[in-house]
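Biologist: I'd like to learn how to read a few features in a model like this one. Could you walk me through it?

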Amino acid sequence: MGADLEADGFGSALLNAGIPEKMISMWTVDPQVQLLDGAKGSLFDALEDMDAADCMAKCKALTRGNVDSMYLQDGPEAQKIAEVIPYFPFKGIPRFYDIGGFLKEPEVFQMIVDIFVDRYKALDIDSICGLDARGFVLGPPIALGMKKPFFMMRKPGKMPNTIQSASYDVEYGKREGMCMPRDAIKEGERVLVIDDLVATGGTLSSAIELVKMAGGVVVECACIVELKFLIPSRVELYKKLNISDVPIWALISEEVLNNEAELGAEYKDDGEEH
C-alpha cells in the first residue's frame with residue numbers, strides 16, 4: 001500500500017501532508033467520514049472543486065476529526081497486544097499489568113510505536129513528554145517516529161534546573177510531585193504526554209499541571225492501558241483540578257487483558273508500597 005501511495009500524485013501529497021497511511025487506506029475502502037460539522041458524508045464531495053492547498057488543509061482537518069476511528073480501544077490491534085501483557089499480584093494490587101511483556105516482542109513493540117505515531121502525527125504535536133519511568137521506554141521511539149523533540153518528567157532530585165508540581169495520589173500510594181526541565185517547553189507549544197497506564201489519573205494530572213506551568217498546552221495524554229473501572233474517580237479528580245478539557249486516550253482496557261502470569265512457588269509481592 002505504501003509504495004502505491006508514494007507513486008500516486010495525490011497519495012504522495014497526502015503522505016507528505018502528514019496524513020497517516022492507515023487513514024488514507026480507510027478512505028479508499030469507505031469514503032464516508034465524519035465531516036467538520038459533525039455530519040457523516042463523502043470525503044470526495046467534501047473536497048470537490050478545491051485547489052491543492054485547500055484540499056490538503058481540508059484532509060488534515062478531516063483526519064483530526066476522524067482520528068479515533070483509526071485504532072479503536074480493544075480493537076483487533078489492541079487484542080493482539082493484550083496477549084503479551086501479563087498481570088501479576090503486585091504492590092497489593094491483584095492485577096498489576098506489566099508492559100515488559102511486549103518489550104520482549106519486537107514486532108508487537110513496533111506495532112505499538114506505529115499506532116501512536118499514526119495517531120499523533122495528525123494532531124499537530126510540537127513535543128513529546130514521557131513520564132517516569134515507563135514513559136521513558138515508550139516516548140523516545142514515538143518521538144523519533146514523529147521527528148519531534150522528547151523530554152522527561154521525573155521524580156524530584158533527579159534532574160537539574162527543574163520546575164516541580166504539587167504532590168499527588170496514585171492508586172497504590174502518594175507521590176511528592178513531578179519535575180521537568182525549565183526550558184523543555186516554549187510558550188504555547190502543543191505537548192503529547194505519554195505513560196504506560198492510566199488508573200486514577202494522579203500522575204497524568206501532575207504532568208498536565210507542569211506543562212501548564214511552563215506555558216504549554218497538553219493536546220492529549222496517551223497510554224497503552226486504561227483501567228476503565230476507575231474512570232469515574234478520574235473524572236471527579238479532573239473536575240476538581242479544572243483539567244477536564246484534557247483528553248485521555250488509551251489503546252487497551254482491562255476488559256481484554258486476561259493474560260495471568262504463571263507464577264512459581266518462589267514468587268512474592270515485593271513491591272515498594274502496599
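Biologist: Which residues are linked in a network of salt bridges here?

Modeller: The general idea is that side chains of opposite charge can pair when their charged atoms come close. In this predicted model, Asp68, Arg119 and Glu220 are linked in such a network. Arg119 meets Asp68 at 2.9 Å, N to O, and Arg119 also meets Glu220 at 3.0 Å.

Biologist: Is Arg119 buried or exposed?

Modeller: Arg119 is buried, with a relative accessible area of 3%. Glu220 is buried too.

Biologist: How many salt bridges does the structure hold?

Modeller: Eight. Another one of them pairs Lys22 with Glu77, with the closest N and O atoms 3.6 Å apart. Lys22 sits in helix α3 and Glu77 in helix α6 (residues 76-82), so this pair joins parts 55 residues apart in sequence. Lys22 is partly exposed, at 24% relative accessible area.

Biologist: Let's turn to domains. How is the protein chain divided?

Modeller: Into domain 1 (9-65) and domain 2 (76-253). Their C-alpha centres lie 29 Å apart, and the contact takes seven residues from domain 1 and six from domain 2.

Biologist: What is the area buried between domain 1 and domain 2?

Modeller: The size of an interface is often given as the accessible area lost when the parts come together. Here that comes to about 510 Å², with carbon and sulfur atoms giving 52%. Two salt bridges are counted between domain 1 and domain 2, and there is one residue pair in polar contact across the interface. On the domain 1 side, α3 (21-29) and α5 (52-65) each supply at least two of the residues that touch domain 2. The most come from α5, with three residues.

Biologist: Last topic: how many disulfides does the structure hold?

Modeller: A disulfide is a covalent bond between the sulfur atoms of two cysteines. This structure holds zero. The sulfur of Cys55 has its closest cysteine sulfur in Cys59, but at 4.3 Å that is too far for a bond. Cys129 is in no disulfide either, as the nearest cysteine sulfur, that of Cys221, is 8.8 Å away.

Biologist: Is Cys129 buried or exposed?

Modeller: Cys129 is buried, with 0% relative accessible area. Cys55 also counts as buried, at 10%.

Definitions and conventions:
Residues are numbered from 1 along each chain as its sequence is written. This is a predicted model: local features need pLDDT of at least 70, side-chain atom pairs count only at pLDDT 80 or more; totals for chains, interfaces and linings use all residues. Side-chain values use heavy atoms; hydrogens and water are left out. A disulfide is a pair of cysteine sulfur atoms within 2.5 Å. Buried means under 20% relative accessible area, exposed over 50%, partly exposed in between (1.4 Å probe, protein chains only). Domain bounds come from an automatic or database domain assignment. Contact means heavy atoms within 4.5 Å. Buried area is the accessible area (1.4 Å probe) that two parts lose on being put together, summed over both. A salt bridge is a side-chain nitrogen of Lys or Arg within 4 Å of a carboxyl oxygen of Asp or Glu. A polar contact is a pair of N or O atoms within 3.5 Å; within protein, one must be able to donate a hydrogen and the other to accept it, and residues adjacent in sequence count only if both atoms are side-chain atoms. Helices (H or I, at least four residues) and strands (E, at least two) are DSSP runs, numbered from the N terminus.
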